[in-house]
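These are my notebook entries on one structure, written as I looked things up. I begin with a term I needed and then go through confidence, sheets and a helix.

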Amino acid sequence: MPTVADRVAQQVVVTRIGGDLFAVFHPDSHGYQLNKSAVNAVANTRKRCWEYDWVVEFDIRRAFDELDWDLLRKAIAKHVKDPWCLLYIERWLTASAVSPDGQPVQRTKGVPQGSVIGPVLMNLFMTYAFDKWMDREHPNNPFSRYADDAVAHCRSEAEAKKLLAAIEERLKECKLEMHPEKSGIVYCKDSTRRKEYAKVSFTFLGYEFRPRSTKTRDGKFRTSFLPAISASAEKRIRQEIREWNLPRQTSVSLNELARRFNAHIRGWMNYYSHFYKSALYRLYEHIDNKLMRWARRKYRKLAGKPRQARAWLNKVVSRQPRLFVHWLAHGKVAVRAMGAV
């Protein structure tokens, strides 16, 4: 892992070379760019899944660890002109790793893990390894990419199969390996696309795309191909909540619990509530269950009484609707706009 001094120096270099590199990066490359984000990539993918029936998803095995230095150096030399930037990038690129027992390990490929410069170099590498190649060889197959995570869209299953094989071959040319178990073809099934296919879902940037029920403007329900928080992302969040050990923090007040954990909850909401936000309700209820367990431990009159604990929580929500950030989002409280009649 880089030191604090390394991270500061790397940020200086990234700031210096960023202007030149941002102009090179593809419009559908959403990682580590100004005015680009993972949410933009998910939004683009959602739109294109409505327009195209098939998706090619692929994963690169240990991408950050396997980048070929010779190929990367060619891209760096083409776009980075400051001698001092080139000098420091080469030093960071070839810096030794440290084994678990503290011994230095000489690296021969890959970019430094946990570094500031690493993701930028990865983006530059993939610009030539994938983005420009797609524009040149497959201009009719739009894609969205965030670092080493990408999906591409096709009109037919036959086209998707050819594209998947072509991407695998292209990665081999660039000395990267496609992960066979995490790559494949997905059919975007919905109310109008009703073919039977083995795989009708995929995960991209923490969102799972699959057929979901949705209500139209005229009040009818239909099936649409939509993203929502993935099962793996939800599992990871539940694990983090478990590590809070919230029910046992009875020495502090409810206000203090809100102060400690609202930032975490807000972060999850800010990312995962952009699409199909009702999928987050299970997590909100999970947090509330933890709060009720906390109350049953803290207040003797609620011990062993889950119904009374629920009533207690409802009173708190009514009295302090903004105490925990997810309460308003969950629709627990009806909030009337100022001046509304």
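Entry 1: I then asked myself where K220 is found, and located it in the loop between β8 and β9. Is K220 buried or exposed? Its relative accessible area is 56%, which is over the cut-off of 50%, so I noted K220 as exposed. Leaving aside residues up to four places away in sequence, I found that K220 touches T214 and K215.

Entry 2: The mean pLDDT of the chain is 92, and 96% of its residues reach 70 or more. Over residues 333-341, however, the pLDDT is below 50, and I noted that this stretch has six contacts in the model beyond near neighbours in sequence. Where pLDDT is low, the predicted coordinates should not be read in detail.

**Entry 3: the sheet of four strands.** I traced an open sheet with the strand order β4-β5-β1-β6 and found the pairing to be antiparallel. I saw that β4 (143-146) and β6 (184-187) stand at the edges with a single partner strand each, so one side of each is left without a neighbour in the sheet. From one strand to the next, the twist averages 20 degrees.

Looking at the pairs, I recorded that four bridges join strand β1 (residues 54-59) to β6, and that E57 stands opposite G184 in β6. Helix α2 (residues 38-51) packs on this sheet, where it touches β1, β4 and β5 (149-154), and its direction makes about 160 degrees with that of β4. Helix α7 (residues 157-173) lies across β1, β5 and β6, and I noted that it runs at about 20 degrees to β1.

Between β4 and β5 I again found four bridges in the antiparallel sense, with A150 in β5 as the bridge partner of R145. These two strands form a hairpin with two residues between them, and A147 in the turn has a positive phi of about 60 degrees.

**Entry 4: the sheet of three strands.** I next followed an open sheet in the order β7-β8-β9, with antiparallel pairing. Here β7 (202-204) and β9 (221-229) are at the edges and have a single partner strand each, so one side of each is left without a neighbour in the sheet. The twist averages 50 degrees from one strand to the next. I noted three bridges between β7 and strand β8 (residues 207-215), and that F202 has F209 in β8 as its bridge partner. Helix α2 packs on this sheet too, touching β7, β8 and β9, and its direction makes about 155 degrees with that of β9.

Entry 5: Helix α11 (residues 306-319) has 14 residues and reaches 20 Å from its first C-alpha to its last, close to the 20 Å expected at 1.5 Å a residue. Which residues of α11 are buried? I listed A309, W312, L313, V316 and V317. Seen down the axis of α11, these buried residues fall within an arc of 135 degrees, so they line one face of the helix. An α-helix has 3.6 residues a turn, so residues three or four places apart point the same way. On the face of α11 turned away from its buried side, I found the exposed residues R307, K315, S318 and R319. What covers the buried residues includes α9 (254-272), α10 (281-298) and α12 (325-329).

Terms used
Residues numbered from 1 in each chain as written. Predicted model: local features only at pLDDT ≥ 70, side-chain atom pairs only at ≥ 80, totals over all residues. Heavy atoms only, no water. pLDDT = per-residue confidence, 0-100. Contact = heavy atoms within 4.5 Å. Expected span 1.5 Å × (residues − 1). Buried < 20%, exposed > 50% of the residue type's maximum accessible area, 1.4 Å probe, protein only. Arc of directions from axis to C-beta. Pairing = 2+ DSSP bridges. Axes fitted to C-alpha atoms, helices over the stretch in contact; angles between N-to-C directions.
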